[in-house]
Amino acid sequence: MKDTFKVGKYEFTSRLMVGSGKYPTNEIMKKALEESGAEVVTVAVRRVDITGKEESFLTHIDRKKYTILPNTAACYTADDAIRTSMLAREALETELVKLEVIGSEKTLFPDNEELLVAARKLVKEGFTVLPYTNDDPIMAKKLEDIGCAAVMPLAAPIGSGLGIRNPYNIRIILETIKVPVIVDAGVGTASDAAIALELGCDGVLMNTGIAGAKDPVAMAKAMRFAVEAGRLAYKAGRIPRKLYATASSPLGGLIE
């Protein structure tokens, strides 16, 4: 059986979601997307030229192959995020939205109060909302309760590459809510992605970790393998951690 997961009405096989910004060229972006094996590509709505005057980077993303996930990056109020989401629905013909309401230009941490306001409104308007939030189990539960299709806690600050700073909070979130948990922001290398999936997360979304690498195409491939390995390890069930050694070879039955 295929190991798929659902976000609202959508069903995906790949548990790696990737961004479309920060690549050196559109051609490198295209090759990286192919190597990642991702089915979902997130797009900053404010980067999309809806006037048609300029060539859009969207022309390099096969809409038949990838599900476009618009995001409200650079929105600092609920009203701004809601307005941007509405624009995305019209321009990109999708009710999917990765909801970001930023609280600080320096840290890019989310504004939880504004995030809840925007999420509540967009859910009522029929959007499939995937909110970017901090790694707070209480906040995750509130987002689930108002109808968000998934919760996307940060691993570390956006673009930092620090990896999962608080795996214990992520574990509590996984125990607290039933909708998919997709780690978002802070993943820097393949081992970070593997850890997220080993914890039991349903997926991981990244942009800078791939696009900012010396070889984005190779890193995209590494991330794909890491996500697959992490998921397989989670399903296999790791051995418990122990303070003292346990012999790998049994001692009983040996001939003296």
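Colleague: Let's start with a list I can check against the model. Which residues line the second largest pocket?

Modeller: Pro-167, Tyr-168, Arg-171, Ile-195, Glu-198, Leu-199, Ala-233, Tyr-234, Gly-237, Arg-238 and Arg-241 form that lining. Helices H5 (167-176), H6 (190-199) and H8 (216-236) are the elements that give two or more residues to this lining. Keep in mind that we are looking at a predicted model.

Colleague: How much space lies in the second largest pocket, and how does its lining divide by class?

Modeller: The space comes to about 380 Å³. By class, the lining has six nonpolar, one polar and four charged residues.

Colleague: How does one find empty space in a protein at all?

Modeller: The general idea is friendly enough: a probe the size of a water molecule is rolled over the atoms, and this shows where empty space is left. In this structure, the largest pocket has a volume of about 590 Å³.

Colleague: Which residues lie nearest the centre of the largest pocket?

Modeller: Lys-22, Lys-98, Glu-100, Ile-158 and Asn-207 do, out of 31 lining residues. Two or more residues each come from strand E4 (40-44), strand E10 (203-206) and helix H7 (208-211). E4 gives the most, with three residues. By class, the lining divides into 13 nonpolar, 13 polar and five charged residues.

Colleague: Could we zoom in on one core member? What does Leu-143 touch?

Modeller: Leaving out residues up to four places away in sequence, Leu-143 touches Leu-115, Leu-116, Ala-119, Pro-131, Thr-133, Cys-148 and Val-151.

Colleague: One last residue, then. Is Ser-20 buried or exposed?

Modeller: Buried means under 20% relative accessible area. Ser-20 has 4%, so Ser-20 counts as buried. Ser-20 is found in the loop between strand E3 (16-19) and helix H1 (26-36), and its side chain reaches the backbone oxygen of Thr-42 at 2.9 Å.

Note on methods
Residues numbered from 1 in each chain as written. Predicted model: local features only at pLDDT ≥ 70, side-chain atom pairs only at ≥ 80, totals over all residues. Heavy atoms only, no water. Helix = DSSP H or I, 4+ residues; strand = E, 2+ residues; numbered from the N terminus. Buried < 20%, exposed > 50% of the residue type's maximum accessible area, 1.4 Å probe, protein only. Polar contact = N/O pair within 3.5 Å; in protein donor to acceptor, adjacent residues only side chain to side chain. Contact = heavy atoms within 4.5 Å. 1 Å grid on protein atoms, 1.4 Å probe; cavity = no way out; pocket = protein on both sides within 12 Å on 5 of 7 lines; lining within 4 Å. Points joined across faces, edges and corners; volume = space filled by probe spheres on them. Nonpolar A, V, L, I, M, F, W, Y, C, P; charged D, E, K, R; others polar.
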